[in-house]
Amino acid sequence: LTDSLMTMDTLYMGDNPTINFFNLPGGKYTATFVDLKTNNKASTQFTIESEFWERWWFPPFVLLVFTLVIGIVFYYIYKIRLRQQLQTQLIRDNIARDLHDDIGSYLSSISILSQSVDTLISNNPDKAKLSLSKIGNTARQIMDTMGDIVWSINSNHDSMPQVIQRMRDLAAELLSEQGVVTDFIIEEPVQKLSLTLEKRRDFYLIYKEAVTNIQKYAQASKVEIAIRKVNEEVVLTVKDNGTGFNLSDPGTKKSSGGNGLINMSVRAKRLEGVLNIESTAGEGTCIEFRFRI
């Protein structure tokens, strides 16, 4: 043992001296003592436990932990990118489905009507005018549907106040010409919400179907529209005092917006929400839709 490796402090305690070694690294050592008078030597072995960072397994352990941390970071980055890709794919699928179902059917109607117009112009001008009017109405429906699609994918409309404003505009556009009094009840917590693209889109289109059915079939004089936040759910209620219909009568249901009700149910399932419709002939209709935020 050399002075460069240690500092030795000798304490004499009666007949049993104590020697303290400082700053020695961990390992096995042999200490040799020499009696300066007799030149006799005595040796003893002792072991100093290494600090945990000095042991053989510590560098591989650090490398393993570092590798695991890097792996976890890259895994979560991969998961985030995969989730984003799946969301993008879902948006594309929804848009493609709507374009196929709605726009496709409208364009098919225009194609059929336009083919009959050429023949009707010379043979039945009045019917030709009616077909042209239908073509114009269908073209406007296409514009409305395209407007809804473009609006729904615009990230600037993620906030609930933007959604509510569009809902107010739609009600004013569809119901004001009929003299229908529309009351909006929006609870304050709702204003602070922010919906994802998919939820915002289907939520708005369910509302649009409900208001459109009122315009076409209800013959109502008053409509109450309420949006509330109950625990972790958004609850939409659309209630009118119109003619109503008998839910158990397929014929009456079909004449009162059956396709619209089917579309609403499909969208409600897509959002994993609950859609309740209560209607009595002559007493109006109440539609309640709720889904988790």
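Lys222 has a relative accessibility of 40% and therefore counts as partly exposed, since that category lies between the buried limit of under 20% and the exposed limit of over 50%. In this predicted model, Lys222 forms a salt bridge with Asp183, and the closest N and O atoms of the two are 3.8 Å apart.

Side chains of opposite charge can pair when their charged atoms come close. The structure holds five salt bridges, and a second one joins Asp202 to Arg270, with the closest N and O atoms 3.2 Å apart. This pair, too, links distant parts of the chain, for Asp202 lies in helix α5 and Arg270 in helix α7, 68 residues apart. Are these two residues buried or partly exposed? Asp202 counts as buried because its relative accessibility is 1%, a value under the 20% limit. Arg270, by contrast, counts as partly exposed at 29% relative accessibility. Asp202 and Arg270 are also members of a network of salt bridges that includes Arg267.

A further salt bridge is formed where the side chains of Arg290 and Glu288 meet, at 3.6 Å from N to O. Arg290 has a relative accessible area of 21% and is therefore partly exposed. Glu288 has a relative accessible area of 22%, so Glu288 is partly exposed as well.

The next topic is the interior. In soluble globular proteins, nonpolar side chains tend to be buried together. The largest nonpolar core of this model has 40 residues, and those that touch the most other members are Met160, Met167, Phe203, Tyr207 and Ile227. Several elements give two or more residues to this core: the helices α3 (160-175), α5 (197-218) and α7 (258-270), together with the strands β5 (181-186), β6 (222-230), β7 (233-240) and β9 (284-292). Which element gives the most to the core? It is α5, with nine residues.

Asp144 counts as partly exposed because its relative accessibility is 42%.

Glu51 is found in the loop between β4 (41-48) and α1 (58-123), and Glu51 is partly exposed because its relative accessible area is 41%. Although Glu51 and Gly26 are 25 residues apart along the chain, their C-alpha atoms are separated by 7.2 Å. The other loop, between β7 and α6 (250-255), contains Asn246. With a relative accessible area of 36%, Asn246 is therefore partly exposed. The C-alpha atoms of Asn246 and Thr280 are separated by 5.7 Å, while the two residues stand 34 residues apart along the chain.

Key
Residues are numbered from 1 along each chain as its sequence is written. This is a predicted model: local features need pLDDT of at least 70, side-chain atom pairs count only at pLDDT 80 or more; totals for chains, interfaces and linings use all residues. Side-chain values use heavy atoms; hydrogens and water are left out. Buried means under 20% relative accessible area, exposed over 50%, partly exposed in between (1.4 Å probe, protein chains only). A nonpolar core is a set of buried Ala, Val, Leu, Ile, Met, Phe, Trp, Tyr and Cys residues joined through side-chain atoms within 4.5 Å. Helices (H or I, at least four residues) and strands (E, at least two) are DSSP runs, numbered from the N terminus. A salt bridge is a side-chain nitrogen of Lys or Arg within 4 Å of a carboxyl oxygen of Asp or Glu.
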